[in-house]
Amino acid sequence: MRTPVLVLLVFFSCACVATEIETLESLVANPEDRSLLFELGIAYHNAGVRGDKDYVLKVIKLFEKLIRDEEEDLATSYLGSSHLLKAGDDWNPFGKLHNLNKGFKYLDRAVENHGDNIMILFIRANAYINIPGFFGRLDTSIADFERIIQLHSHRVR
């Protein structure tokens, strides 16, 4: 009984992501509307996290444009995470390393510029915890999660 329910949940979550992307793509009539482009980029990123490699390439292209226009650290963190997703799919070891280094660079720069932004910290912590341990990013991930807890506890008080 659980298997059919899980299959349906996965199907509908994928269908919802596709619908969200289609809706956002139809709304982006003005390519200068940064907020809609940003939302579309997040939808692409989420589809990439779910395993759609085509959306990983789209999100990288979109966020590279957004951060080129002006420095935006949340877009920079999503771009870094997307490069790490692309590295995970790359069969070429040199391509893997290239995308890993780009991802690390973007994520570290975003946190360096806005280390008190919980969302930026969460994106980097989540991305780094999924990187193999021999890259030495686990301690950074743990430190980011600890910083998130610290920042959240100060906001709750």
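A search of the whole structure, which is a predicted model, finds 8 aromatic pairs, where the rings of Phe, Tyr and Trp (its six-membered ring) pair if their centres lie within 6.5 Å. In the pair formed by F134 and F135, the ring centres are 4.6 Å apart and the planes stand at 35°, so the pair is tilted; planes under 30 degrees apart would count as stacked and those over 60 as edge-to-face, with the rest counted as tilted. Ring pairs also link F104, Y128, F134 and F135 into a cluster. With a relative accessible area of 69%, F134 counts as exposed, whereas F135, at 26%, is partly exposed; here buried means under 20% relative accessible area, exposed means over 50%, and partly exposed lies in between, for a 1.4 Å probe and with protein chains only.

Residues are numbered from 1 along each chain as its sequence is written, and side-chain values use heavy atoms, with hydrogens and water left out. In this predicted model, local features need pLDDT of at least 70 and side-chain atom pairs count only at pLDDT 80 or more, while totals for chains, interfaces and linings use all residues.

The chain has 7 helices and 0 strands, so that its pattern, read along the sequence, is α-α-α-α-α-α-α; helices (H or I, at least four residues) and strands (E, at least two) are DSSP runs, numbered from the N terminus. Of the 157 residues in the chain, 37% are buried. The chain exposes about 9500 Å², and carbon and sulfur atoms supply 60% of this area, as computed by the Shrake-Rupley method with a 1.4 Å probe. Where contact means heavy atoms within 4.5 Å, 50% of the contacts between residues at least 6 apart in sequence join residues at least 24 apart.

Rolling a probe the size of a water molecule over the atoms shows where empty space is left. The largest pocket holds about 480 Å³ of space, a volume being the space filled by probe spheres set on grid points that are joined across faces, edges and corners. On a 1 Å grid over the protein atoms alone, a pocket is an open set of points where a 1.4 Å probe fits, with protein on both sides within 12 Å along at least five of seven lines, and lining residues have an atom within 4 Å of a point. The lining of the largest pocket comprises 22 residues, of which S81, L84, L85, A127 and N130 lie nearest the centre. At least two lining residues come from each of helix 2 (34–49), helix 4 (73–89), helix 5 (93–113) and helix 6 (118–129), and helix 4 gives the most, with 6 residues. By type, the lining divides into 15 nonpolar, 6 polar and 1 charged, with Ala, Val, Leu, Ile, Met, Phe, Trp, Tyr, Cys and Pro counted as nonpolar, Asp, Glu, Lys and Arg as charged, and the others, Gly among them, as polar.

A127, one of the residues nearest the centre of the largest pocket, has its place in helix 6 and is buried, with a relative accessible area of 11%. Not counting residues up to four places away in sequence, A127 touches S81, L84 and L107; A127 and L107 are 20 residues apart in sequence and 9.0 Å apart in space, C-alpha to C-alpha.

Helix 2 contains both H45 and G48. H45 is buried at 8% relative accessible area, and G48 also counts as buried, at 6%. With residues up to four places away in sequence left out, H45 touches V59, Y78, S81, S82 and L85, and the C-alpha atoms of H45 and L85, 40 residues apart in sequence, lie 9.0 Å apart.

K86, found in helix 4, is partly exposed, with a relative accessible area of 29%. Beyond residues up to four places away in sequence, K86 touches V56, L57, I60 and N99, and the C-alpha atoms of K86 and L57, 29 residues apart along the chain, are separated by 7.5 Å.
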